[in-house]
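Q: Could you take a close look at one part of this model for me? I'd like to hear about the ligand site and the helix packing beside it.

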Amino acid sequence: MIQKKSVKVHRLCVVGAGHVGLVAAACFAELGHKVICVDNNRKRINSLRKEIMPFYEPEMEALVKKNLKRGTLIFSASLDGAIKESDVIFAAVGTPPLDDGSADLTSVENVARAVARNLDGYKLVVSKSTVPVQTGQRAKETIHRYRKNNAEFDVASNPEFLREGKAIYDFFYPDRIVIGVETKRAETILKEIYTTIDAPVVVTDINTAELIKHASNSFLATKISFINAVSRVCDLAGADVGKVALAMGLDKRIGKEFLNAGTGYGGFCFPKDLEAFIYISKKLGYDFRLLKEVQNINDGQRRYFVEKIKEHLWILKGKKIAVLGLSFKPDTDDMRFAPSITIIDILLKGGAKLSLYDPQAKGEAEEIFKEKRVKFVKNPYEAVKRADCVCFLTEWQEFKDLNFKRIKRAMAYPLVADGRNMFDKEELHGLGFEYIGMGR
Ligand code: UGA
């Protein structure tokens, strides 16, 4: 990939082989650095050594295989060993939500303590995980508290902005690289690590860098909830939210991205980061009510979608509904906080009989719905057999290529509920379908 400039090779340890960590480890290795990717999940590490990926991410497997082969990437289950061997430690560990909405920072503390145990010379400890503002300060205090000597170290923040499904591309072609540092030394090392990537580098203090990540994700979620709220008004007024978004997006100050109305955002990032940002803002003394409303609008979209289906079918009980697309977005098998989970729950409570299909997320979905009365099928055509409605909840390309004449023939009643506004409404009407969209 991007290898024109010469690289000063650094010895990196990436803690965490999850979505952020594994992608970062493989991409750093691709840039030419010596990378140890460490995770306390031994099973995951053993599989990775055998070139078996723990989740689906386009292009990742090839990158991991290539760099394992050329020795720039190794996997380890020994955190202490990996830290000893490295000069720069990237923490890409989970920060899951706790019941009160705050982020669980136990794993971040664990990394700081492990660094303190193994500090035998200067090391730079960088957080890639999404963490609340002031976490870097806490990590620094922790290392000070537990280190056994006076060896120097720096902490830094380098938030990751990659999207699942496009993670490798986002790593090599980011819109910006954010570096939150306290010393010139840390800044120089981080700039050297990314030297071959052509992107603006924003250098800030650590608090600011941490806040940039929460603010960015919260703003994107706000954009989605804004257009979803507009879509509700469009439905009431008989207007088309697609056209509204198109024209709004042509204004450069607004931008066209993240203006697709539908069943709302899901995934492990937006829901958790909004919750954590609201929590930390409150703790600091600010009530971020705007973001609470963003959450309310998002939750409401799922219920509204089912209400629309009910409106058409009259009675849900006993109706057969095909649900196509379960992952929270296309090109991933990730089901975390996916809108499909809530929608399926409401449909089941209403007594509908469900046939489910997703091109990648079947395994994860089977685990989530194992207690529920649902049937998984092998392809979309099987799902729609004698169905009274087909719901599209994820905009997989495979669904855009479906033969709708064949679908219509198979269904008991030709109703398409398009939760992602992915189809041409007029075309489906032309084929004899009833169509439910979101704000159009
Ligand atoms: C998001 C951010 O986009 C990344 O920049 C960030 O690094 C990442 O979170 C993270 O914090 O780790 P991701 O969760 O992978 O990435 O997914 P997105 O592509 O942002 O989509 C999030 C959700 O919003 C999806 O459910 C998607 O369907 C929904 N969405 C997106 C809409 O409903 N409408 C839109 O117009 C765009």
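A: A polar contact here is a pair of N or O atoms within 3.5 Å. Keep in mind that this is a predicted model. With that cut-off, a backbone N or O atom of Phe 328 makes the list, lying 3.0 Å from an oxygen atom of the ligand. Glu 160 has a polar backbone atom 3.3 Å from a ligand oxygen, and for Leu 259 the distance from a polar backbone atom to a ligand oxygen is 3.3 Å. There are 20 residues around the ligand, and the ones that come nearest are Phe 161, Glu 164, Lys 213, Asn 217 and Asn 260.

Now for the helices. H9 covers residues 206–237, and its axis comes within 9 Å of the axis of H12, residues 289–313, crossing at roughly 45 degrees. That angle is why H9 and H12 count as oblique to each other, and the crossing is left-handed. On the H9 side the contact includes Ser 218, Ala 221, Thr 222 and Ser 225, which meet an H12 set including Leu 291, Val 294, Ile 297 and Tyr 304. Sorted by class, the contact of H9 with H12 has 6 nonpolar, 8 polar and 3 charged residues.

H9 also packs against H10, residues 241–249: the axes come within 9 Å and cross at roughly 135 degrees. So this pair is oblique as well, but here the crossing is right-handed. Phe 226, Ile 227, Val 230, Ser 231 and Cys 234 of H9 touch Val 241, Val 244, Ala 245 and Met 248 of H10. By class, that gives 8 nonpolar, 1 polar and no charged residues.

Conventions. Residues are numbered from 1 along each chain as its sequence is written. This is a predicted model: local features need pLDDT of at least 70, side-chain atom pairs count only at pLDDT 80 or more; totals for chains, interfaces and linings use all residues. Side-chain values use heavy atoms; hydrogens and water are left out. Axes are lines fitted to C-alpha atoms, for helices over the stretch in contact, and angles run from 0 to 180 degrees between N-to-C directions. Helices (H or I, at least four residues) and strands (E, at least two) are DSSP runs, numbered from the N terminus. Angles under 35 degrees count as roughly parallel, over 145 as roughly antiparallel, 65 to 115 as roughly perpendicular and the rest as oblique. A crossing is left-handed if the near helix is turned anticlockwise from the far one by less than a right angle, and right-handed if clockwise. Contact means heavy atoms within 4.5 Å. Ala, Val, Leu, Ile, Met, Phe, Trp, Tyr, Cys and Pro count as nonpolar, Asp, Glu, Lys and Arg as charged, and the others, Gly among them, as polar. A residue is near a molecule or strand if one of its heavy atoms lies within 4 Å of it. A polar contact is a pair of N or O atoms within 3.5 Å; within protein, one must be able to donate a hydrogen and the other to accept it, and residues adjacent in sequence count only if both atoms are side-chain atoms.
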